Amino acid sequence: MSQVTNQNPEQDPQPDPVFTLHMAAMREMQEPRDGIAPTPVSYIIMCLLFVLGGGWYLGYYGGEWTANGLSERPIAGIPPAPPPQDPMVLGKEVFGACLQCHQESGLGVAGTYPPLAGSEYVLGDKRRLVAILLKGLNGEFVVKGNTYNSQMPAWEIREDEEIAAVLTYIRNSWGNKADAVSKDLVTAVRKETAGRGEWRAATLAEFAK
Amino acid sequence: MIAQPLPPAIGPEFEARVEVDGSSRAVVVLFWGTSLLWLTVASLAGIISSIKLHSPDFLGGIEWLTFGRIRAVHWDTAIYGFGGLAASGTLLWLQARLCQVRLPYRNLLLVGGVVFNIGILLGVIGILMGQSTGVETLEFPLWAMPLLVVPYVFIVIANFTMYFKKVTKHTYVSQWYLMAVTVWFPILVLSAEACTNLGAVDGVAQAIANWWYGHNVVGLFATPTGIAAAYYLIPKVIGKPIHSYHLSLLGFWSNAIFYNWAGTHHLTGGPLPAWTITLGVVGSLMMFIPVITIGINHHMTMLGSFHLLKTSPTLRFAVMGSMVYTLSSFQGSLEALRSHQEVTHFTHYTIGHVHFGMYGFFAPLMFAMMYYGMPRLMDQEWSSARLIRIHFWCTLVGMLIYVFAMCYAGIRQGLMMNDPAVPFLNIVRFTIPYLGLRTLGGVILLSGTIAFLINFIRIITPHKYTWATPTLLDSERDWRKVVAKEKEQ
């Protein structure tokens, strides 16, 4: 242990009594041991209070103690149903997908995309209108006396509520005035047209007969 | 009640100690030395990630150093490289001393230490190449894990062998913690790997396993080792018994019972059943019991000996670590509360807390262990008191700057994020000066580590000239003087 070959005369300025014993054998204290100071009662009470507090927190914020109880506080009573959304507001939002072709004015693009304002298909049979939106329309098609040849995509992936809303919206904008399309009608037509492909002028006429 | 000092150790205990220290020299120096190298790597990686947060273009063109990779390298080298090796070295040295048996399987442990280092190196390269698993704290690619697990098995076996062959009759409190670590840590790693990277469970359960592990690797690996070091060093240096055996018992078992539950508080607000998070919050709150218990025990032991902080490097680091243990644990328990997390969750506050615990509590206790152990293992003294002072003040000041910057910025950030009127970009702009302060804190911490490394390299290389007395903090010792003296002769 004490293989020091050349001792330095340097002394610590004010050596502490504990460290003055600096021979190799003396530099280190005994291995530590445990004292036996008594545990204060106040400490035991503190521990009990923590355990009580923890138990209260568990009970208060336990949620439902189920796999699906995602809220830490149980919800009192039945939550009120969300208020029904105005179809004109929702419809305008959904119409964002139609803007590029039919334009914000609802007039379409002359010679390419048919107008919605004043269109007999928009204002006419609601069942046919829903069918066009769900399945799309391809090929030559006459609207307000003008012939168009373009493709209307199918919108089946949208919710029934959204389709009903956007149709209600286009039936009541740009001077159009017609009754609302109900969600139930969309559900019914979706069922009726299930499995069919996109419409052509002829197949649509037959469907709407 | 202030205990009276015990007489210094002479006679058979001293002779046994010299023999035991001699047996563990090579293994412990390997573990501690390489842990400091990994601490340097971790600090560098941390500083790079920190700079990237306020100057995003910094090293932006290098794929290997992108934030997602370098941050994972920072944390994994800090926890496994520095934490794993420093804690294992501490475990082997302390257990051998406290059992008074020679370290068994020395060659196996030496090979294990080298393999562990290679495992971390390969894991780091894997992460840098982009093979991170993406599971926090278990980012190392799966193929690197056996290189970490197998050496740890050697350490566990060595630990139990020493315990069952022990000469001393009494089992000291530090030994409880060290034994517990070697039981808990393998269970933690293996079950967490099984539940996350090996896919034993899916979805939300994976997240629970991940954070159960992420919190426990700090709480059931780093923390018990740090507490074991504090329980050993404080009474050892001041030469008094630990205040109360009963408090030691209560602290150990309450820590063992409650810590394990705390992990899920990290997932507050996530799609978990509410009761799992509530359990995590309650587990964290219950941690007040062991923390207060251990705090009382250490403080009452120190009472009447605080003047020694002026001179003893070991004691100064150990007391700093113990004090921050109490403070950072209080902070952590409160941080788990839902009402607290409404503000601080997903902010810089959490990062401040982690560094408070790791660099304010765990790291100083490991440094204290090395300051105490190395002169005994190497038979020579620390060559420079000045470098020790630099190391201490850099560690304290750097840590305080870092923690203050992150915690203050985190609270302000959280309050602003809760206010829908504040644009998000304004919040980002607000945090930038504090992120800069964090880089400054990181650089100061790294400077301290480098000062320690120089001293460490000096103590493991043989010298013709060395001090005869322990190097104390108030001495004028400077290694440059030693070099000059050596040249003279």
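In this predicted model, the contact between α2(B) and α3(B) draws on B:R69, B:I70, B:A72, B:V73, B:D76, B:T77, B:Y80, B:G81, B:L85 and B:L92 from α2(B), which meet B:L109, B:F116, B:N117, B:I120, B:V124, B:I127 and B:L128 from α3(B). Sorted by class, twelve of the residues in this contact are nonpolar, three are polar and two are charged. Two packed helices are described by the angle between their axes and the distance between the axes. For helix α2 (residues 67-99) and helix α3 (residues 106-128) of chain B, the angle is about 170 degrees and the axes are 9 Å apart. Angles over 145 degrees count as roughly antiparallel, and α2(B) and α3(B) are therefore roughly antiparallel to each other.

The next topic is the nonpolar cores. The largest one has 139 residues, and within this core B:F367 and B:M374 touch the most other members. For B:F367, the contacts beyond its neighbours within four places in sequence are B:L36, B:L39, B:F82, B:F317, B:Y359, B:H391, B:T395 and B:F452.

Back in chain B, consider a loop residue. Is B:S305 buried or exposed? B:S305 sits in the loop that runs between α9 (288-302) and α10 (313-336) of chain B. Its relative accessibility is 3%. Buried means under 20% relative accessible area, so B:S305 counts as buried. Apart from neighbours within four places in sequence, the residues in contact with B:S305 are B:I238, B:K240 and B:L315.

Two domains are assigned in chain A: domain 1 covers 41-77 and domain 2 covers 87-208. Taken over C-alpha atoms, the centres of domain 1 and domain 2 of chain A are 56 Å apart.

Two percentages complete the description of this chain. How many of the 209 residues of chain A, as a percentage, count as buried? The value is 34%. Among the contacts in chain A with a separation of 6 or more, 57% are between residues 24 or more positions apart.

Methods
Residues are numbered from 1 along each chain as its sequence is written. Chains are lettered from A and ligands numbered from 1 in the order in which they are written. This is a predicted model: local features need pLDDT of at least 70, side-chain atom pairs count only at pLDDT 80 or more; totals for chains, interfaces and linings use all residues. Side-chain values use heavy atoms; hydrogens and water are left out. Axes are lines fitted to C-alpha atoms, for helices over the stretch in contact, and angles run from 0 to 180 degrees between N-to-C directions. Helices (H or I, at least four residues) and strands (E, at least two) are DSSP runs, numbered from the N terminus. Angles under 35 degrees count as roughly parallel, over 145 as roughly antiparallel, 65 to 115 as roughly perpendicular and the rest as oblique. Contact means heavy atoms within 4.5 Å. Ala, Val, Leu, Ile, Met, Phe, Trp, Tyr, Cys and Pro count as nonpolar, Asp, Glu, Lys and Arg as charged, and the others, Gly among them, as polar. A nonpolar core is a set of buried Ala, Val, Leu, Ile, Met, Phe, Trp, Tyr and Cys residues joined through side-chain atoms within 4.5 Å. Buried means under 20% relative accessible area, exposed over 50%, partly exposed in between (1.4 Å probe, protein chains only). Domain bounds come from an automatic or database domain assignment.
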